[in-house]
Structure formats: structure tokens, C-alpha cells
2 protein chains.
Amino acid sequence: MADNKKMVNEITSMDVDFAKWYTDVVKKAELADYSCVKGCMVIRPYGYAIWENIQHILDTRFKELGHENVAMPMLIPESLLQKEKDHVEGFAPEVAWVTHGGSEKLEERLCIRPTSETLFCEHYAHVVHSYRDLPKLYNQWCSVLRWEKTTRPFLRTMEFFWQEGHTMHETAEEAIEETERMLNVYASFCEDSLAIPVVKGRKTDKEKFAGAEATYTIEAMMHDGKALQSGTSHYFGDGFARAFDIQFTGRDNTLQYPHQTSWGLSTRIIGAIIMTHGDDNGLVLPPAVAPIQVIIVPVAQHKPGVLDKAEELRARLASKFRVKMDASDNSPGWKFAEYEMKGVPLRLEIGPKDIENNQCVIVRRDNREKTFVPLDQLEEKIPELLRAVHDGLYRKALENRERRTWSATSIDQINELLSKDMGFVKAMWCGDLSCEEKLKEEAGVTSRCMPFEQETIGDGTCVCCGKPAKAMVYWGKAY
Amino acid sequence: MADNKKMVNEITSMDVDFAKWYTDVVKKAELADYSCVKGCMVIRPYGYAIWENIQHILDTRFKELGHENVAMPMLIPESLLQKEKDHVEGFAPEVAWVTHGGSEKLEERLCIRPTSETLFCEHYAHVVHSYRDLPKLYNQWCSVLRWEKTTRPFLRTMEFFWQEGHTMHETAEEAIEETERMLNVYASFCEDSLAIPVVKGRKTDKEKFAGAEATYTIEAMMHDGKALQSGTSHYFGDGFARAFDIQFTGRDNTLQYPHQTSWGLSTRIIGAIIMTHGDDNGLVLPPAVAPIQVIIVPVAQHKPGVLDKAEELRARLASKFRVKMDASDNSPGWKFAEYEMKGVPLRLEIGPKDIENNQCVIVRRDNREKTFVPLDQLEEKIPELLRAVHDGLYRKALENRERRTWSATSIDQINELLSKDMGFVKAMWCGDLSCEEKLKEEAGVTSRCMPFEQETIGDGTCVCCGKPAKAMVYWGKAY
């Protein structure tokens with residue numbers, strides 16, 4: 001068994017080389033493969049099944065809140081991308097350009113969408129005429145492309161998969177409410193479905209989305225203390241509406257510009273799952289999105305009745321849980337290691353002695369805790385144990401974050417803290433770009449967000465220039 | 001009411017101009033909108049909801065048969081596209097080329113995938129090593145792009161949405177079995193879910209997929225007698241495997257090439273739904289994919305209790321059917337016309353007198369048949385009526401096809417038949433490309449398929465050259 005395990009789980013230890021550990025897990029757990037297009041990945045069945053579970057949970061929630069799915073073109077004419085000044089400045093340097101169709105040179109270049117604000121606005125101009133047409137609450141699931149030099153599976157790829165919500169509202173208040181509502185949807189999803197605690201806050205002007213008035217974000221801390229931006233929600237005011245000439249007749253019969261939001265969450269979140277919960281045995285999946293929640297491993301399966309019993313249990317549990325039974329010729333030890341690598345939350349072992357005693361053993365992936373469960377109590381015990389795995393993962397991630405979140409009142413102190421360990425540093429900021437840039441230069445940190453839950457660190461003056469601060473900021477190094 | 005109806009339903013009559021009727025329905029039923037990218041469409045919420053229902057039914061079926069979803073890159077390097085000779089000849093003239101990333105010119109051009117055989121093969125070369133790795137049963141839901149000059153929403157667009165299954169098998173027999181299995185999945189889906197009868201058969205070499213050994217197809221007849229290819233399934237032999245050097249160690253320990261299939265069904269099928277079932281009042285949707293199966297229209301809704309009762313019924317039925325209640329200020333007549341335009345299969349009317357009698361009126365979209373239904377029998381009656389709508393639509397479509405399917409033994413006879421009406425002509429064919437081309441020139445028809453259910457027309461000689469025939473072929477004009 002020990003040998004088998006070694007063969008399956010030959011991955012770099014997290015503490016030796018976290019980056020290498022990450023790519024090992026992506027490969028060994030069969031989540032993704034490199035493709036022949038530099039920077040683009042192949043999402044393999046096991047990885048894609050995680051994404052489908054993520055999609056299902058979010059899509060259901062979006063629809064409950066009245067959102068409708070649509071499909072926009074994947075191409076944007078250059079002139080359309082240029083309509084909103086800040087937006088084009090932000091995105092033009094990182095798009096792929098289509099210049100030929102078949103053998104003909106195009107009159108106007110088309111870019112592959114890096115994001116779809118401009119396409120949605122073009123369509124909204126066709127369909128928004130009266131306040132009765134508002135709000136428009138649209139979303140699309142698609143892939144977008146940004147020309148990146150350095151890429152890593154899920155975390156940063158040229159093409160990535162996401163959903164992008166785009167909404168139009170009668171008033172600024174309604175649009176801001178939507179921006180906040182959707183950030184909260186993302187935050188609840190991360191905490192309740194992925195067991196990833198997040199800090200909610202607002203981005204500084206430097207870090208906000210190109211063309212937005214305000215960008216809200218959820219920031220998660222990975223196992224190594226670095227930050228990962230896990231979802232963003234933007235308020236645009238009426239800037240795009242003016243640029244695209246979208247007007248509606250209001251309740252008072254005057255022509256008005258609608259107010260706009262957009263919000264997105266991408267396959268990056270799979271990277272967050274890997275780096276928040278994984279360990280030296282591989283992936284550890286939160287039960288809500290695990291493609292297999294319970295793996296049934298028959299022990300001594302050549303003995304009469306074992307495989308039949310294992311199959312009977314699988315069939316019985318299949319309507320309630322995502323369950324698989326592995327009847328392959330591999331040894332139980334090999335199977336244990338394989339499904340640990342794949343992060344399956346619960347392993348159910350059943351052998352001749354268990355059958356005799358009318359019970360089985362269930363082992364949790366997160367802490368290897370074993371429980372003997374009478375076979376007639378499986379339907380009650382499995383949900384409890386899945387819940388326990390979720391709670392265990394959340395608690396461990398929260399502890400990691402709390403242990404590595406410090407306060408600082410000087411750049412020297414930030415450097416000192418981060419020289420010992422990686423993490424978040426809470427420090428006051430005056431609001432000036434120059435101080436933000438100085439922290440990047442001198443401490444290597446970027447502003448992660450101005451958290452909604454503000455507090456005062458030290459005497460309330462900027463950690464950099466000493467002037468009165470406008471906000472407390474989470475600083476850190478980010479993926 | 002008559003006036004309201006006119007306002008909503010101002011569309012061209014089918015018999016006056018079928019093409020104009022089609023685009024009117026697409027627009028008035030709010031299925032799709034034109035985008036600023038020539039040849040690309042915006043799929044609006046109501047259209048996309050139909051596609052989501054299609055996806056759900058097919059995806060469930062694919063998974064029952066053991067298929068797994070994956071995601072491949074949207075870009076293909078030129079050298080990869082060129083690996084299989086027939087394939088590149090077929091597709092290179094109609095792809096969009098990316099030549100620049102950001103401000104840099106690329107060393108090698110990348111095309112936006114027109115289909116993904118080459119990408120799947122590249123990946124299969126990484127993951128297929130042993131017979132134990134087979135079969136690989138992969139599918140992806142995505143959009144692809146083909147540079148088309150003349151486009152029409154859903155029927156022919158530059159970018160279109162589809163699923164593409166790609167599978168690899170140990171033996172030719174298994175792969176051929178898969179090709180046929182998936183064609184049958186498409187045929188059952190069309191008949192059982194979309195109420196569209198189809199002819200199953202094989203394409204001639206001229207009409208088959210670029211790079212395939214055999215292409216199977218399902219052909220549907222539209223209301224105007226023209227054919228629409230509604231789904232295809234291809235058997236590739238080991239041609240791609242050889243071109244991409246995909247080999248596995250077989251059971252006999254020798255190196256072998258696997259055998260491959262692909263199969264696809266696209267948003268074109270929404271065009272088929274429109275043109276098979278629609279009428280002069282707009283869209284008519286088969287219940288299995290209708291976003292709204294039952295629209296509840298309160299009558300005299302200002303009267304006390306009407307809206308409450310309508311809402312009570314909606315809430316009660318919502319867990320069993322896709323149901324909507326329209327409490328807007330529009331008149332009942334306006335609403336009747338609006339949901340007829342949108343093709344909702346059943347309309348449930350409830351007014352003060354109905355409430356008094358503890359009943360409601362249900363009107364079928366397909367034939368306007370009215371049924372009085374006691375309120376306590378809705379849960380039993382609605383499924384019966386939905387079934388009746390489905391059966392009615394299927395029967396009508398089948399009658400149309402049967403009425404317009406003729407046999408011919410000469411090109412003159414084909415011309416004579418088609419000069420009276422459009423339809424399918426069954427005629428024998430010797431198998432020569434020159435005869436197929438002559439039928440195109442002299443009768444304006446293409447071979448739709450060599451149906452699996454063969455019969456002998458006339459004396460069994462080719463309709464064109466008089467030589468002994470190899471097959472009976474369905475000929476027709478196609479979208």
C-alpha cells in the first residue's frame with residue numbers, strides 16, 4: 001500500500017516548492033493539460049466537472065435574482081472597443097486581433113472579446129427605450145481572451161472561462177445596490193459552497209476595472225499567504241451609456257441615461273480551491289463542487305459478496321449524492337491514494353468483516369478521521385460528514401488567514417512582517433496614487449482592497465506619507 | 001382585442017414571403033438580434049432559454065451514455081489545422097485568422113476554431129497510451145466560427161453555438177457503433193423532444209464532412225418543403241490518429257491506431273423549430289423546450305380575487321411546469337397575441353366566472369382548441385394537454401413531409417414535381433459524382449442523404465445516367 005501510494009502521489013511537497021506543488025496537483029488530479037496554443041489550457045473532464053458544479057450553483061442563484069442568460073458575439077470591431085476611452089486604454093494592449101476572414105483581409109480589425117461591456121452596450125442601445133424596459137439583468141457564460149505573457153493553468157491563462165453579468169438600471173442607487181448584491185452573491189458562494197473565507201471591499205482607483213467608477217472585490221488568502229482576487233463587481237455610472245448613446249424615457253417623460261454594472265467570476269476560482277485547501281496528498285475538494293462526493297472502495301473485493309454489496313450501496317446512494325464505486329483491479333491502497341489525489345471528500349471502505357457487522361468505514365479527506373457507520377444510517381451520516389468536511393476546510397482556511405493578517409504603521413514594519421512570512425498587512429492609506437506606488441516599490445505589495453469593515457490602525461495616518469488617512473487597506477502579494 | 005392582436009402580431013404571412021416571415025418571427029418573438037459584427041447574432045434571453053433547454057436534454061443523455069464534458073482552446077495554430085489534408089482543404093477557406101496579439105505580430109497565425117477535431121487529437125495524443133485509456137468519450141459545448149458571406153439568424157451565422165462530441169475507440173466496429181448511436185440520439189431528440197420527424201441516412205462523398213470516412217445525417221423538412229440538415233455524426237477511421245500520431249498498446253501488446261468519431265448539433269436546430277412548427281401568429285414551441293410551457297392570463301384582473309387566484313395557481317404549478325403569470329396592465333387580448341407570438345404551448349385563462357365555477361380555460365397554441373379544466377384537476381390535465389400539443393405538432397410536420405415526398409425516375413420528372421411544389425424527391429443514384437453534379441445543375445437539387453431505409457424506385461437504375469444504381473437518395477433544396 002505504501003508503495004502504491006508513492007507511485008500515484010509523487011508530487012512536490014507544498015513546503016518545498018509551492019508553485020511546483022500546484023502544477024503537480026493540476027496534472028496528477030487530471031484537472032487540466034497544456035495545449036499546443038501557448039497560454040491556453042485544455043480543461044480535462046475532472047476539472048470541467050468542478051466548473052459545471054460551480055456553474056450550476058451560481059446560475060441557479062443568478063436566476064433566482066431575476067437574471068437571464070444571453071449570448072453575445074465573440075468578436076468586437078475595433079471601432080466599438082474604442083467607444084469608451086478608459087476601457088480601450090485598459091484592454092487594447094492585451095487583445096488578439098483577427099485581420100483576415102478566409103483569404104480576404106478585413107476592412108476593420110476585430111478583436112476576440114477580452115470582456116463584453118461594449119457588445120452588451122451596443123445591444124442595450126437597441127432594446128432599452130423606456131423605463132419599462134429596465135432593469136435589464138443579463139448574464140453570459142463564455143470564454144474570453146487576454147494576451148498574457150506568463151500563464152499558469154486556471155490562475156492566469158490567455159483564454160479563460162467565466163460568467164459576465166451586465167445590467168442596466170433606471171437609477172444610480174439601483175445600480176450600486178446591484179453591484180453590492182452580486183458581490184455578496186460571490187462572497188456567499190465562496191464561503192458557503194467553496195469553504196473559502198473572503199475579505200469584501202473596494203478596489204483603489206489604480207486597481208479598478210478599466211472604465212468603471214467603482215470596483216468591488218472579494219479577496220481570498222491562499223495556503224502560502226498570497227492573495228487571490230476571486231470575483232469582482234463593477235459600477236459604471238452612466239459612462240458607457242453616454243458613450244454608446246443609450247437613452248430611455250423616464251417616469252417623468254424626460255430622456256435619461258441608464259446606470260450600469262458588470263460582475264464576473266472565472267475558472268481562476270478553481271485555482272483558489274486548489275491553493276486554499278490542497279495538501280501534500282493532492283487536491284482537497286469542498287463537497288458542494290466535488291464531482292465525486294463519496295468514493296466507495298471495496299476491500300478484499302475478490303471475496304464473495306463484497307463487490308455486490310459495494311455496488312448495492314452505490315446504487316442506493318446515487319440518487320442522493322455524487323457517488324462512484326471503483327471496482328478496478330488496482331489495490332485498495334492504490335485507490336485510496338488516487339482518490340486522495342483527486343480530493344474526494346469522503347471515502348467509504350467496505351470489506352467482508354464490515355459486511356458481517358453490517359457497517360462500513362468512512363474516512364474524511366480533510367483530516368483522515370475514520371468513522372464506523374452502520375449501513376442503515378448512511379443516508380443520515382453522509383450529509384453530516386460532508387458538512388463536517390466543509391466546516392473543517394473553512395475553519396482551517398480562516399485560521400490560516402487570521403494567523404497571517406497583521407497590522408503595520410510603517411513601510412519598514414511591513415517589510416519586517418513579510419520577511420518572516422507571507423500574508424495580509426492592514427495599514428492606513430491617504431488615498432494618493434504615489435503612496436500606493438511607493439508601497440509597491442519598497443515593500444513589493446499591492447493594495448488588495450479597502451475592506452467594507454473598516455478599522456483604524458495606529459494613529460490613523462497614512463503608512464507611507466503620514467498624512468491623515470482616507471481608508472484602511474489590505475496590502476499583500478497577489479496571484 | 002382584434003386591434004391589440006394586430007399590433008403585436010404584425011408579421012408577414014408565411015405564404016406571402018416565407019423568408020420574411022422567418023426573420024419577422026425571430027425579431028417579434030425576441031429570439032435574436034443582429035449585432036455590430038456582420039454575420040454574428042445576439043441570442044436574446046427567450047432564444048437562449050430555448051437553447052438551455054435543448055442543452056439540458058442532450059447533455060443529460062450524453063452523460064447517461066458515458067460522455068464527459070471538456071473545454072478545448074478556441075484557437076488553432078495554422079500548422080495544427082494543416083495536419084490532416086482533407087480537413088484543412090475543407091476548412092481553411094472559411095476560418096478567421098488571428099495575426100496579432102496586443103501590438104505584436106504573431107510568428108504563426110492562429111485560426112478561431114471552425115470545429116475542433118485537430119485540438120482533440122492533439123490532446124488525445126497526450127492521454128491515450130493503452131487500450132485501458134479507451135474509449136475516450138468527450139464532448140464540449142462551445143461556439144465555433146466559419147467565415148460565411150450570407151447569413152441568417154440561427155440558420156447560418158458566422159459564429160454559432162453547438163456541442164461537438166469527439167470520441168476515440170479501440171476498434172473500427174466500436175467507433176462505427178458510436179457514430180450510429182449518436183445519430184440515433186439526435187433523431188430521438190428531434191422526434192421526441194422537438195416534434196420534428198427526421199430522415200436518417202448517410203451523406204454522399206460530395207456532401208460528407210472534410211476528413212471523414214462516413215457522415216451520417218438527420219434531415220428534416222421545413223414548412224416550405226425545403227430540407228434542413230439537423231445533426232451529423234462522423235466516422236473518421238484512423239485517419240486523424242495517423243496524422244496526429246496517436247497510438248496505443250493493444251490487448252495483444254502491439255501498437256495500434258485508435259478509431260475516431262465526432263458528432264454535432266447546433267443552434268441551427270432553433271431555426272428548424274421555427275420553420276417546422278411556426279404559423280402566421282408566430283412561433284409554436286414544442287413543450288419539451290418551451291421556456292414557458294403554460295402562460296396564465298388573468299381575465300378582468302381588476303376584479304377582486306382574480307389576480308390572487310392567478311398567482312395562487314402559478315405558485316401551485318411552478319414546481320411541476322415552466323409557468324408564468326402575466327399581471328401586467330396590457331389587455332387580455334394583447335397578452336393572448338403576445339404569448340401566441342412567443343409560441344407558448346398552453347394558455348390558461350382565469351376570470352371571475354371561472355373562479356366562481358372553480359375552473360379555468362386552457363387553450364392549445366397549435367390548434368386553438370379550448371378545454372374547460374376543473375382547478376383541482378390541473379396537475380393531471382396539463383401534462384395531457386402538453387402531450388397533445390407535442391403529438392399534434394409531430395403529426396402535422398409528418399403529414400407535411402409525407403405529402404411532399406415523391407418518387408422520380410427521370411430528371412424531367414424531378415423538375416416537373418418541384419415546379420408544382422417544393423419537397424423531397426426519392427430517386428436512384430449510380431454513385432458517380434458526375435450524376436450528382438448534373439442533378440444539381442439541371443434540377444437544382446442536392447443529395448440530402450442515402451436513407452438507412454432503402455427502397456427501389458422504378459427499375460433500379462440511376463435517375464441520371466441509367467446505369468445500375470447503388471442507392472436510393474433523397475434529393476431536395478436545402479437551407
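**Which ring does the charged end of B:Arg109 sit over, and how many Å from its centre?** The ring is that of B:Trp97, and the distance is 4.0 Å. In chain A, A:Arg109 lies over the face of A:Trp97, 3.9 Å from the ring centre. A charge counts as over a ring if NZ of Lys or CZ of Arg is within 6 Å of the ring centre and within 35 degrees of the ring normal. This is a predicted model: local features need pLDDT of at least 70, side-chain atom pairs count only at pLDDT 80 or more, and totals for chains, interfaces and linings use all residues. Residues are numbered from 1 along each chain as written, chains are lettered from A and ligands numbered from 1 in written order, and side-chain values use heavy atoms, without hydrogens and water.

**B:Phe91 and B:Phe209 form a tilted pair.** The whole structure holds 28 aromatic pairs over all chains. Rings of Phe, Tyr and Trp (its six-membered ring) pair if their centres lie within 6.5 Å; planes under 30 degrees apart are stacked, over 60 edge-to-face, the rest tilted. Here the centres are 5.4 Å apart and the planes at 55°, so the pair is tilted. B:Phe91 is buried at 6% relative accessible area, and B:Phe209 is buried at 12%. Buried means under 20% relative accessible area, exposed over 50%, partly exposed in between (1.4 Å probe, protein chains only).

**B:Phe424 and B:Tyr474 meet edge-to-face.** Their ring centres are 5.6 Å apart, with planes at 80°. B:Phe424 is buried at 1%; B:Tyr474 is buried at 12%.

**One aromatic cluster is found in chain A.** Its members are A:Trp51, A:Phe62, A:Trp141, A:Tyr186 and A:Trp263.
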